[in-house]
Amino acid sequence: KNKTIMKQFIVSPAPHFHSGDSVRKNMLLVIIALLPAYAVSVWQFGWGALITTAISVAACVLFEWLIAKYILKQKSTIGDLSAVLTGLLLAFNLPSNLPWWIVIIGALVAIGVAKMSFGGLGQNIFNPALVGRVFLLISFPAQMTTWPVPQGFATSYVDAATGATPLAAMKVALTGSDSMMSAVPEMWDILIGKMGGSLGEVSALLLLAGGIFLIATRVITWHIPVSIMATVALFAAVTGWAGMLPESVCTGEYVMLSLCTGGMMLGAWFMATDYVTSPMSNWGKIIFGVGIGVIVMVIRTWGAYPEGMSFAILIMNACAPLLNLIRPKRFGEKKK
């Protein structure tokens, strides 16, 4: 009888309760949060958006499966949807008219170099999609900065007309060329996605809604995206108050443009909040977000590129292990 009672007490390591979360569930929720903005991208860029995304997702899944099976000799992890999400985020960072073979190279770098070379999901130190994007930007600068003009399904994937993005036009305007501000769309058009750029630059409003959905479903917390956007808004406001803007641009307009153009919404809500490459503590997340915001605005204001979100996130990814040292004191621990 005693043996029967003892068998009912099983000692095992923590955790002893399961919240019901899983990698697959969280990845699926992020994908769902991206779908409304993706629908606008398809509406704006037509076949180019569909083809670029299909190639990116398929290549990421294929490369992860091949590397896991034939190089790492381990069970395939494509079922957790992390490779699908990486492919989708990579596509969101690309022009919709990018040649298919360049998309495949980006997928190989994202999965093979940035993710699987570190051992797979949970062990990479840099955001895989952003590593792929930055590699392509450095390797193929002409193709990666040739942006299609939104024409829906009216033009083919390879014959799309091209033009400047709102962020690129704004950067030229800040150098003193007021006439370039005429190339910047109205704020409402920016919010709903009626403008050129990468797939992830359009529809700031729906990307914001997707980010709020992730907070509501507890996939992410507010600390990183809010600290990024607050820092960017403050930096842009100080720029205006310091008289660094052309006469045709008011401070409030510049603050809104800084928040709603480029990769700001996508980066703040969907890229910087990656579990693996961001800090764990709340204060660490806030410092992480402030760092990203400052670096973004420094690059946008004085750098060679009109956008700096990818570089800012990757730089702060490297700082995440240091920021993880910021942790609450254990109960009863004495000060040293």
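I started with Glu307, which forms a salt bridge with Arg300; their closest N and O atoms are 3.0 Å apart. I count a salt bridge when a side-chain nitrogen of Lys or Arg lies within 4 Å of a carboxyl oxygen of Asp or Glu. Both Glu307 and Arg300 are buried (under 20% relative accessible area, 1.4 Å probe, protein chains only).

A note on the source: this is a predicted model, where local features need pLDDT of at least 70 and side-chain atom pairs pLDDT 80 or more, while totals for chains, interfaces and linings use all residues. Residues are numbered from 1 along each chain as its sequence is written, and side-chain values use heavy atoms, without hydrogens and water.

The structure holds two salt bridges. I found Glu64 paired with Lys115 at 2.7 Å, N to O. Glu64 sits in helix H3 and Lys115 in the loop between H5 (100-113) and H6 (128-139), 51 residues apart. I checked burial: Glu64 and Lys115 are both buried.

Next I took H3 (residues 47-71) with H4 (residues 82-92): their axes come within 8 Å and cross at roughly 145 degrees. Helices here are DSSP runs (H or I, at least four residues). Axes are lines fitted to C-alpha atoms over the stretch in contact, with angles from 0 to 180 degrees between N-to-C directions. The contact (heavy atoms within 4.5 Å) includes Glu64 of H3 and Leu88 of H4. I noted eight nonpolar, six polar and one charged residue in it.

Last, I looked at the largest nonpolar core, with 91 residues; Leu34, Ile228, Phe270 and Ile292 touch the most other members. Such a core joins buried Ala, Val, Leu, Ile, Met, Phe, Trp, Tyr and Cys through side-chain atoms within 4.5 Å.

Definitions and conventions. Helix = DSSP H or I, 4+ residues; strand = E, 2+ residues; numbered from the N terminus. Nonpolar A, V, L, I, M, F, W, Y, C, P; charged D, E, K, R; others polar. Buried < 20%, exposed > 50% of the residue type's maximum accessible area, 1.4 Å probe, protein only.
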